[in-house]
Amino acid sequence: MKGTGELFPLSFHRCHLSGNILIQTKNLYKRFNGLTAVYDVNFELKEGEVAGIIGPNGAGKSTFFNLLTGFFPPSEGKILFMGQDITMVPSYHRVRMGLVRTFQLVSVFESLTALNNLVLAKIRFDKNYDSKSKFFFKDAHHAETVNACLEALKTVGISDRADVKTFELSYGDKRKLEIALALSLNPRILLLDEPLSGLSDVEINEVLDLIRLVKKNFTLILIEHKISRILDLVERLSVMHEGKLIAEGKPQEVLCDPLVRQVYWGREEVVCSLP
């Protein structure tokens, strides 16, 4: 894939990153009617890192993403972003601050073209957006905005589908569109929630190639069930189980942890060997 130079601002290129802590949670809890979905999670991510979060169904991974991105308020604990307490900051403000996510189920506007999906998001989360009336009544298709959105589509490999209505796209192309939408917002942290879910083998390989491309330019947190597919993508792996972080570290070492092996496969079912 070509053409990433204009899409990614130099300030976000990993060669310029300092390794400072970008986001941090302190004793984070989330309860739903007595059920604790996230339990005392302490997590941090440094600028330039690519981190993976795995765990069985119901482990609390997506709930944790929802807390980080402001879709849920925590029951207890704090969330710090670049040293600032954002625990109660609304989700749309977090997007403007640079916390941008994709969803387990693709979330795009089916009735719009691929290009207009990006244009809509780009304008809505622009730093100069100040009112709904201006948003709905001004011309959205400024050359600068459109060019940035076309560059995002080019990056994910679907620029030839820019004028196609989204409902006509394959599920794999919708996933690429969703990632393009996130990239067009120039995130400080890009959070991908099961980006391989529902894809064919060919589409999985295409999306993996895309993630390998963008990880050079962004700080990433990746949730994924297909563990073997992400081991060469992430530098650090965290494992959640019953709402808790039970292991964290280099991917191969984490997968050799006895508790992780028990949670996933049972003690006797996996022979673990470190490289």
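M82 is partly exposed, its relative accessible area being 41%. In this predicted model, M82 lies in the loop that joins β4 (76–81) to β5 (84–85). Although M82 is not a glycine, its phi is positive, at about 55°.

D40 also has a positive phi without being a glycine, here of about 50°. D40 belongs to strand β2 (residues 35–46) and counts as partly exposed because its relative accessibility is 30%, between the limits of 20% and 50%. The table sets out both residues.

| Residue | Phi | Location | Relative accessibility |
|---|---|---|---|
| D40 | about 50° | strand β2 (residues 35–46) | 30% |
| M82 | about 55° | loop between β4 (76–81) and β5 (84–85) | 41% |

The next site is V100, in strand β6 (residues 99–101). With a relative accessibility of 4%, V100 counts as buried, since the cut-off for that class is under 20%. Beyond its neighbours within four places in sequence, V100 is in contact with V95, A182, L185, P187, I189, L190 and L191.

Helix α5 (residues 143–156) packs against helix α6 (residues 171–184) at an angle of about 135°, and the axes are 9 Å apart. The arrangement of α5 to α6 is therefore oblique, and the crossing is right-handed. From α5, the residues A152, L153, T155 and V156 meet K176, L177, I179, A180, L183 and S184 of α6. The residues of this contact comprise 7 nonpolar, 2 polar and 1 charged.

Notes
Residues are numbered from 1 along each chain as its sequence is written. This is a predicted model: local features need pLDDT of at least 70, side-chain atom pairs count only at pLDDT 80 or more; totals for chains, interfaces and linings use all residues. Side-chain values use heavy atoms; hydrogens and water are left out. Helices (H or I, at least four residues) and strands (E, at least two) are DSSP runs, numbered from the N terminus. Buried means under 20% relative accessible area, exposed over 50%, partly exposed in between (1.4 Å probe, protein chains only). Contact means heavy atoms within 4.5 Å. Axes are lines fitted to C-alpha atoms, for helices over the stretch in contact, and angles run from 0 to 180 degrees between N-to-C directions. Angles under 35 degrees count as roughly parallel, over 145 as roughly antiparallel, 65 to 115 as roughly perpendicular and the rest as oblique. A crossing is left-handed if the near helix is turned anticlockwise from the far one by less than a right angle, and right-handed if clockwise. Ala, Val, Leu, Ile, Met, Phe, Trp, Tyr, Cys and Pro count as nonpolar, Asp, Glu, Lys and Arg as charged, and the others, Gly among them, as polar.
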